[in-house]
Every structure is written in structure tokens, then in C-alpha cells.
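This report describes a structure in plain terms. Please look at the sequence and the model before reading on.

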Amino acid sequence: MTSEIRPKVSRKIKTEDVEKAWQLRLYVAGQTPKSLTAFANLKRICEEHLEGKYRIEVIDLMVNPQLAKGDQILALPTLVRKLPNPVRKIIGDLSNTERVLVGLDIKPLD
Amino acid sequence: MAKLKKPKRAAAELLQKCPTGIKGLDEITGGGLPKGRPTLVCGGTGCGKTLLAMEFLVRGATEFGEPGVFMSFEEKSEELSQNFASLGFDLNDLEARKKLALDYVHVDRSEIEETGAYDLEGLFIRLGYAIDSIGAKRVALDTIETLFSGFADEVILRAELRRLFGFLKDKGVSAVITGEQGEGTLTRFGLEEYVADCVIFLNHKVTEQIATRRLRIVKYRGSAHGTNEYPFMIDEQGFSVMPISSIGLDHAASTERVSTGIPRLDTMLGEKGYFKGSSVLVTGTAGTGKSSMAAHFVDAACRRGERCLYFAFEESRNQIIRNMRSIGIDLEQWVNKGLLEFRNSRPTLYGLEMHLVTMHKAIEGFQPSIVVVDPISNLVAAASDMEVKSMLSRLIDYLKMKGITAFCTDLTSVGGSLERTDVGISSLVDTWISLQIIEGSGERNRGLYVLKSRGMAHSNQVREYCITDTGAQLQDVYIGTGGVLTGAGRVAQEAREAVEILERGQEIERKQRDIERKKALIEAQIAALRVGFEAEKDDLERIIAREKLHQEALAEETRVMARFRKSDDLPAPQGNIIKAGKRGDR
């Protein structure tokens with residue numbers, strides 16, 4: 001699957017060997033305040049809790065609308081946890097960190 | 001969202017319509033759904049919302065060249081394809097030809113964690129993409145209310161729905177949105193609030209265990225529309241609405257006549273039979289031969305090469321064929337030739353409206369020139385009298401409009417008034433024939449009356465209706481001082497009359513012979529008298545001659561004597577004597 005990387009938030013690949021541990025895909029529609037907030041929040045949470053074990057793919061549906069069907073995207077922004085299984089979906093601008101962690105099933109760092 | 005402005009606001013003065021291609025729906029909406037606007041289709045579970053939406057798209061794609069997007073929130077695309085394959089809609093094929101786009105939107109609350117502000121732009125993008133990818137002109141959303149179960153924040157959802165309908169309008173697509181009926185509201189989540197242009201309500205009502213589907217246009221902004229509840233049906237050809245009650249009384253009246261199949265009945269109906277395209281009602285109690293009369297009519301029509309459609313609500317096809325064979329009518333040959341078609345169903349199989357709709361469809365499909373409904377009274381089992389009457393009046397109006405001759409039989413209850421049918425449709429029919437049982441002298445016989453027959457001089461007489469091995473026949477009944485005689489009574493009376501006639505004939509003959517005899521006698525007497533007279537006349541003439549001779553001799557003697565005595569000549573006396581003698585003869 002092709003991914004569209006917007007220049008501002010270039011693809012983050014941390015530590016190639018554990019790349020497969022967390023694959024996150026963020027669906028947005030253009031550079032709206034909501035999508036920017038969502039990306040910033042996601043990045044922050046990942047850095048805090050999944051350092052070096054994650055990969056974020058940002059898909060802009062304005063550019064690739066055909067990709068919305070595959071992951072059953074309705075609401076935007078939507079974050080899809082492709083890996084680890086099972087697939088999980090959370091919507092919103094990810095401003096509620098606690099819910100994001102619950103949604104992604106990430107145990108907060110001790 | 002590239003091609004936003006489509007030429008859709010052009011018709012400011014008149015609302016443009018988008019034909020649905022669904023039988024009947026275009027008639028009651030005056031041409032279709034509002035073009036470029038959303039239409040809400042609401043109703044309870046299983047009332048046909050999805051089907052209506054899908055048929056709108058499929059017909060649009062196949063018949064009007066308008067591709068469509070079906071966005072399903074309930075059924076998966078594969079399920080939809082399977083379900084609609086049974087209706088003859090090949091969704092996969094349409095999809096492959098880019099006439100149709102199916103998009104299944106999966107909404108599952110458990111999979112969605114809300115973590116902050118969001119909107120439904122994803123849905124818009126998907127819809128917009130689907131529309132643009134095939135150039136869709138039509139959209140169906142089935143059932144968008146599922147979103148309410150998927151998202152917790154109703155405020156966002158409502159705002160997004162409002163935006164969605166605006167988006168659809170901006171796209172210029174004609175959309176059908178389905179919604180589940182709620183308690184006391186049209187839709188459970190008040191979708192009607194957003195879709196204000198056209199609302200269609202589907203209803204699936206069960207009365208006395210019989211279900212009838214009905215459709216009603218609740219509102220149609222900017223357009224006149226039928227306001228009634230219209231029955232509709234779903235069958236292997238899809239959705240069809242029957243706007244039958246909208247038919248007026250402006251059908252053409254034919255002067256052509258069709259034979260009843262019973263020669264003497266034709267004679268009773270002004271020598272020629274029924275009017276083509278008229279409605280004929282035959283009423284009678286059980287066993288009076290109503291179906292036989294229908295069979296005669298059908299047989300005669302098929303013989304002329306006309307097509308007949310026979311709706312039987314009492315007997316099966318084979319039973320009718322067998323029974324009619326016993327009176328010498330072979331209906332099977334017409335079935336085999338494709339001129340006759342039977343539609344047999346139990347009245348309680350489905351609601352009255354469904355019957356009507358089924359009959360409509362059958363008539364549209366078969367294009368008959370004669371329709372037989374045998375019997376209409378059985379339909380009462382499916383609904384109340386009032387409903388039956390309204391249904392039949394619509395059926396008859398419809399048949400008249402099509403110029404089809406309707407032949408209905410009606411079973412009247414024993415003891416009921418003659419001038420009354422159980423379903424009270426007598427005022428609707430043109431020709432009304434009543435078959436009655438006439439009881440008397442230990443027999444039940446059938447009598448036939450023509451109660452009325454509009455527009456023709458019909459017989460006012462009662463006929464005896466006999467069902468024989470070679471078909472139904474009409475006989476004169478005996479009407480005399482002893483009352484109406486039928487059956488054996490009539491036969492006996494006829495025999496008596498024959499004897500009387502014979503006797504009277506013999507009497508006349510005898511009298512004539514008397515005259516002859518008397519004449520001969522008199523002539524003989526005359527001859528005898530003449531003979532006697534001739535004889536007497538001869539005698540008399542002989543005497544006269546002798547007397548003459550004697551007289552002449554006497555005169556001669558006198559003359560001789562006188563000459564001898566030298567006396568004067570005496571005048572000859574002989575002339576006087578002869579004259580006197582002649583006078584006496586005559």
C-alpha cells in the first residue's frame with residue numbers, strides 16, 4: 001500500500017529492527033487544525049511510551065480518497081493500529097492521552 | 001470535492017424530477033424523486049426500504065444512464081449482491097461496468113475509541129470519491145442511522161449529518177436515504193429534520209393475519225403528489241406501486257360486442273352479447289353454474305383467438321379444466337396454445353391490495369382481452385366488504401381503461417335479496433346476470449335473468465339455464481297460471497302442451513272432414529234431384545208432345561169436319577195452346 005507522506009511530518013522510522021512492533025496509521029484530510037493536533041499528539045505519545053518501537057504512516061485522504069474504504073474510515077482523524085494484532089481504531093485528535101493509551105492498548109510506562 | 005457545482009440549480013421555477021423507473025412510483029410522484037435533492041425513505045423493519053433504494057439506483061443505471069453509489073451501513077457488498085441477484089439485479093456486473101459503486105461502511109462502537117475532536121470527513125471523502133469515480137448521479141445511503149449507534153457524540157453527528165445533506169445537494173446527486181421508523185416519529189433519530197424535500201413512508205401492516213405493504217408520500221416539497229396510501233408489492237421483478245385509485249372515469253366505451261359463448265344468451269343481450277371492455281357480473285348461489293358460464297365465455301373468446309386471463313380463487317387450474325370438460329368444454333387446448341392462463345390463489349394468501357397488485361402485474365404481463373375473476377366474493381375472506389368494494393372498483397376501472405372485458409362471478413348467500421351482491425359492486429358493473437335456483441315439484445332448477453345490461457335492449461324474460469354434456473343451454477321456462485315451471489315440471493308441461501296441440505289439430509281435421517262430407521252429401525242430393533227432375537221433365541215433355549199431337553189431330557179433324565160441312569175457316573187454336581204449355585214448363 002502506498003503511503004502519502006506530507007512534508008511537514010515525514011515518516012518516522014525508529015530503530016529498524018523493532019520496526020514491526022508498532023505500526024500506526026493516521027488518516028487525515030488535509031492540513032486542518034485537527035489533523036495537525038492529532039499528529040502532534042500521536043508523536044508525543046509514541047515518543048513517551050513506544051520509543052524506538054513504532055512507525056507512523058500518515059495518509060491524507062484528500063490526496064488518496066480510495067484508501068478510506070480499506071480501513072473503513074468514517075471519522076477523521078482516525079488512528080489505526082495495524083500491528084500488533086488485533087487491529088484497533090481510535091478517532092479524534094488524540095488529545096485525551098489516557099483514552100489513546102487505552103485505545104491502543106499501551107500500558108503507561110512505569 | 002473537485003467538481004462541486006453541477007448544473008442543478010437551473011430549474012428555479014420548476015422542480016426537476018428524477019425518474020425512479022419503479023412501476024407506479026413515478027406516477028404518484030408526478031415524474032420521480034426530486035432531482036439533485038435527498039429523499040428520505042422511512043418505515044419499519046422489512047418493509048422494503050433497502051430494495052426501494054437499490055432499485056432506484058439499478059434502474060437509474062440501466063434505464064436512465066445515471067450511475068449510482070450505494071453506501072450500505074448494514075449489509076456487506078457481497079451480501080447485497082447475493083440478495084439482489086434473486087431479483088434479477090446483477091450488481092457485480094453493474095459494478096464492473098462502472099454503473100454502480102457499492103460501499104459498505106462498517107460501524108462498530110466497540111472498535112471506535114473517541115479521543116478528542118473529530119468529524120465525519122472520512123465518510124464525505126469516501127462518498128465523494130465513489131461519486132466521482134463513476135460520475136454518479138444517484139446516491140443511496142442505507143441506513144445512515146447506524147451512525148448513531150457507532151458514535152457517542154450526538155452533537156457532532158447531527159452537525160455532520162446536516163453537512164452531509166448539504167454536501168449531497170452540492171454534488172447535485174439525487175439521493176435516497178433510508179431510515180428506520182421510530183416510536184411516534186418517522187425515523188428513530190429524526191432524520192426527517194435534515195431531509196426536508198421529499199419523505200416517503202413505507203408501511204407493512206398486518207390485519208387479520210394478512211400483511212399488506214403500503215407506500216405513502218408524506219411530503220414532497222415543490223410538487224403535487226398523490227397523498228393516499230398506495231399498496232405496493234415486492235416480487236421477483238422488484239418493487240411495484242399501484243396508483244390505481246388515481247384512475248378516473250374517462251375510459252373509452254367500445255361499441256364492439258363479444259359473444260357470451262351461449263347463443264341464446266347472446267340473443268337475450270340484444271342479439272350480440274356483451275360490450276367489449278365492459279364489466280359483467282354473474283351472481284348466484286352455490287352450484288348455479290357461474291363458473292360454467294365463465295368457461296363458455298372464455299372458450300368462445302379463445303376460439304376467436306383472444307387471450308384470456310382466469311383468476312380463480314376457489315379451484316385449481318386442473319380442477320377447472322376437468323370440471324369444464326364434463327360439460328363439453330376443453331379449456332386445456334387453449335392453455336396449451338397460450339391463449340388462456342390461469343392464476344390460482346387462495347384469497348387469504350395475501351392481502352387484498354396484494355391481490356390487486358398481483359392481478360395488475362399479471363394483466364400487464366399477459367395482455368389479455370378478457371379477464372375472469374371467479375369468484376370475487378371469496379376475496380371478502382381477505383378483507384372487509386368496504387375494502388373489497390374499493391379494490392374491485394379499482395380493478396374494474398383499470399380493466400375498462402385497458403379495454404379489457406371483465407367477467408366476475410359472485411357467490412350470493414342463500415336467502416339474500418336478489419338485487420344484492422355480497423360485495424355490493426352491482427352499481428359498478430355494466431351487465432348483471434343473475435342465476436337463481438328455482439325450487440318446485442321436488443326439484444332444484446336453474447333460472448337465468450338479465451338484471452341489467454347497460455346500453456342494449458336486453459330480454460326481460462327468465463330462461464331456464466340447463467347444464468348439459470354439451471355445454472350450458474338456455475330453455476324457455478313455462479310461465480302460466482300455475483307459476484313458473486322448470487325442469488321436469490316444464491318438460492311435463494311441454495308434453496301436455498304438445499298433446500293439446502295435437503288434439504286440437506286432430507279436431508280441426510275432423511271438422512274439415514265433416515265439411516267435406518256434408519258438401520259431398522249435398523252435392524249428391526243435388527245430383528239426385530237433378531236426375532229426378534230430368535226424368536220428370538222428359539215425361540212431361542213427352543206428354544206435352546203427345547197432347548200437342550192429339551190437339552193437332554183434333555184441330556185437323558175439326559177443320560176437316562168444317563171443310564166437310566163447308567163452314568167458315570176457324571182460327572187456328574194451336575199457337576195459344578203451345579204458349580200456355582211452355583209457360584207452365586218454365
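What pattern does chain A follow, read along the sequence? Chain A follows the pattern β-β-α-β-β-β-α. It has two helices and five strands, where helices (H or I, at least four residues) and strands (E, at least two) are DSSP runs numbered from the N terminus.

The model is predicted: local features need pLDDT of at least 70 and side-chain atom pairs count only at pLDDT 80 or more, while totals for chains, interfaces and linings use all residues. Residues are numbered from 1 along each chain as its sequence is written, and chains are lettered from A and ligands numbered from 1 in the order in which they are written.

**Chain A**

Of the 110 residues in chain A, 39% are buried. A residue counts as buried if 20 or more other C-beta atoms lie within 10 Å of its own, as exposed if 12 or fewer do, and as partly exposed in between, with C-beta atoms placed from the backbone. Two residues are in contact if their C-beta atoms, placed from the backbone, lie within 7 Å. Among the contacts in chain A with a separation of 6 or more, 69% are between residues 24 or more positions apart.

**Where the two chains meet**

The contact between the chains takes 27 residues from chain A and 21 residues from chain B. On the side of chain B that touches chain A, the elements giving two or more residues are β6 (112-114) and α5 (121-134) of chain B. The largest share of that side, seven residues, comes from α5(B). By class, the side of chain B that touches chain A has nine nonpolar, five polar and seven charged residues. In this scheme Ala, Val, Leu, Ile, Met, Phe, Trp, Tyr, Cys and Pro are nonpolar, Asp, Glu, Lys and Arg are charged, and the others, Gly among them, are polar.

Strands also join across the contact. Strand β5 (residues 88-91) of chain A runs parallel to β6(B), and three bridges join them. Two strands pair if DSSP finds at least two bridges between them. The bridge partner of A:K89 in β6(B) is B:I112.

**The nine-stranded sheet of chain B**

In chain B, nine strands form an open sheet in the order β17-β16-β18-β19-β15-β20-β21-β22-β23, with mixed pairing. At the edges stand β17 (340-344) and β23 (471-476) of chain B; each has a single partner strand, so one side of each is left without a neighbour in the sheet. From one strand to the next, the twist averages 25 degrees.

Strand β19 (residues 405-411) of chain B is mostly covered, with seven of its seven residues buried. In a regular strand the side chains alternate between the two faces of the sheet. Both faces of β19(B) are covered: B:T405, B:F407, B:T409 and B:L411 are buried on one side, and B:A406, B:C408 and B:D410 on the other.

| Strand of chain B | Sense of pairing with β19(B) | Bridges |
|---|---|---|
| β15 (residues 279-284) | parallel | six bridges |
| β18 (residues 370-374) | parallel | four bridges |

Which residue of β19(B) does B:V280 stand opposite? B:V280 stands opposite B:F407, and B:V372 also stands opposite B:F407. B:G284 stands opposite B:L411 in β19(B). Helix α13 (residues 385-402) of chain B packs on the sheet and touches β15, β18 and β19 of chain B. The direction of α13(B) makes about 140 degrees with that of β15(B); angles run from 0 to 180 degrees between N-to-C directions, and axes are lines fitted to C-alpha atoms, for helices over the stretch in contact.

**Two packed helices**

Helix α12 (residues 352-366) of chain B packs against α13(B) at an angle of about 10 degrees, with their axes 10 Å apart. The two helices α12(B) and α13(B) are therefore roughly parallel to each other, a term for angles under 35 degrees. The contact is made by B:L352, B:L356, B:M359 and B:H360 of α12(B), and by residues of α13(B) including B:E387, B:V388 and B:M391. By class, the contact of α12(B) with α13(B) has seven nonpolar, one polar and two charged residues.

**A hairpin in chain B**

Strands β11 (residues 229-235) and β12 (residues 238-241) of chain B pair in the antiparallel sense over four bridges. A hairpin joins β11(B) to β12(B) through two residues. B:I234 stands opposite B:F239 in β12(B).

Technical notes: Parallel < 35°, antiparallel > 145°, perpendicular 65-115°, else oblique.
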